[in-house]
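Dear colleague,

Here is the structure I said I would pass on. My notes on it follow below.

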Amino acid sequence: MTVSSPTRSRLTVSGRPISNHLRDVSTLSRQMVGHFVENVAPCGTLPGDALQGDVTAVTRLCLELTLGRLDGRELPHEIELVRDAAAEWAREGIPVDTINHAIHEGFKLGFDHIMSTAGPADSATLVATARRMLEILDTITSEVALAYVSEYRGVVAEHHTAVHTLISALLGGHSTATMARECGIEIAQSYQVLALGLPPHPDESAPRVDGRIVARRKLRRVQAELARSCGERALSLLSIDGGTVLLPAHMFPDEALDELIAGLSQAAQVPVTATIVTAETADIPDAADRAHELLDIVSRITAGGGLHRFSDLALEFQITRPGPAREHLSAILDPLDEHPELLETLRRHIANNFNRQRTARLMHMHTNTLDYRLKRVRLLTGYDPAIPNGLWYLTSALVARSYQKRPSE
């Protein structure tokens with residue numbers, strides 16, 4: 001945005017042009033920088049050479065730009081220098097709200113300086129001066145915002161690409177030292193390797209709604225929550241269906257991860273399912289494969305949601321290994337192929353931790369009906385779901401059957 005005012009007359013206070021009251025640019029800029037250090041965080045934490053160099057130079061530049069505009073002159077070169085400074089601030093990670101706050105503080109100081117020299121007869125001129133300074137402020141903040149956002153997007157895209165390359169290298173078992181230096185990320189000795197599953201949001205299948213937009217928004221919420229909870233320490237490769245996350249093990253102990261997954265579920269607005277394997281950096285490829293195998297097991301045999309560890313799934317993991325044992329266990333349920341309602345009842349009963357009342361309530365049936373169906377399961381399979389040994393075999397059979405090859409496979 002540019003305000004063009006070449007025909008405007010000079011404003012005067014106490015008989016002198018407004019700009020004359022701000023003419024001592026060197027002194028004013030030093031005073032303003034001192035004010036920033038005391039009142040605008042994090043200016044006070046900047047190194048001395050930055051304060052004496054860039055911050056002072058840009059403050060002086062804004063003063064000169066303001067003087068020119070107050071005199072009705074355009075200063076395109078100064079505007080370009082302000083844009084360059086904003087881009088540099090974006091690269092250095094200085095928050096944009098801090099920048100805008102400092103700019104506004106500078107204008108307040110400048111106007112206070114003009115006010116201090118005004119007399120009772122200057123009230124109308126001060127109103128016109130305030131309007132013109134607001135126009136100048138609008139120009140500067142707009143140019144700063146546009147340049148900052150443009151540069152920041154480029155920095156984020158560059159960093160995202162570098163991080164994507166780094167995690168791909170870690171998952172592929174390749175050397176990562178050079179890429180890690182380029183990203184500014186220190187490689188940990190060991191990682192929590194998380195496999196995430198993101199189920200569809202209900203709105204993804206809603207009529208007259210673009211499901212792709214809903215899915216992308218779900219993913220962005222998850223990524224934002226991951227960044228909020230873990231910062232740049234989390235390395236992730238995610239899609240709308242899930243993916244892989246690497247967290248330095250020394251920063252994210254196992255017991256802290258349940259809360260993280262709960263936060264991701266809240267952000268996604270769907271139950272996020274995760275499995276975890278801890279591994280040394282060199283073993284990340286195998287650990288990621290194992291974590292995703294575990295995630296596949298969870299998705300086949302449970303309703304999903306929450307964090308699942310290998311210790312919770314060791315039996316299921318072993319049962320799903322190919323071989324005659326898996327085929328034998330799976331065959332236990334063959335007699336139920338013609339009775340899908342019995343197979344579904346058994347599955348739901350096991351998933352509900354064998355709670356008869358809960359299973360009956362969720363399946364909208366009386367407990368007597370549930371007992372009748374479980375009795376028929378015993379008669380058809382030879383295994384009684386009412387006793388531990390029979391229930392163990394039936395549970396194992398359900399796990400094994402979930403890995404039977406489908407006709408399309």
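Helices here are DSSP runs of H or I with at least four residues, numbered from the N terminus. By that count, S396 falls in helix 15, which covers residues 388-401. The model is a predicted one, and the points below should be read with that in mind.

On confidence, the chain has a mean pLDDT of 80, with 84% of its residues at 70 or more. Residues 1-7 have pLDDT below 50, and this stretch makes 16 contacts in the model beyond near neighbours in sequence. Another stretch, residues 44-51, stays under 50 as well; the model gives it nine contacts beyond four places in sequence.

As for the nonpolar cores, the largest has 25 residues, of which V82, W89, I99, I103, F107, I140 and V144 touch the most other members. Two or more residues each come from helix 2 (48-70), helix 3 (76-92), helix 4 (96-116) and helix 5 (123-172). Helix 5 supplies the largest share, eight residues. For I103, the contacts are L137, I140, T141 and V144, leaving out residues up to four places away in sequence.

There is also a second, separate core, made up of 24 residues. Among them are V193, L235, V298 and F317.

Regards

Definitions and conventions. Residues numbered from 1 in each chain as written. Predicted model: local features only at pLDDT ≥ 70, side-chain atom pairs only at ≥ 80, totals over all residues. Heavy atoms only, no water. pLDDT = per-residue confidence, 0-100. Contact = heavy atoms within 4.5 Å. Core = buried A, V, L, I, M, F, W, Y, C linked by side-chain atoms within 4.5 Å. Buried < 20%, exposed > 50% of the residue type's maximum accessible area, 1.4 Å probe, protein only.
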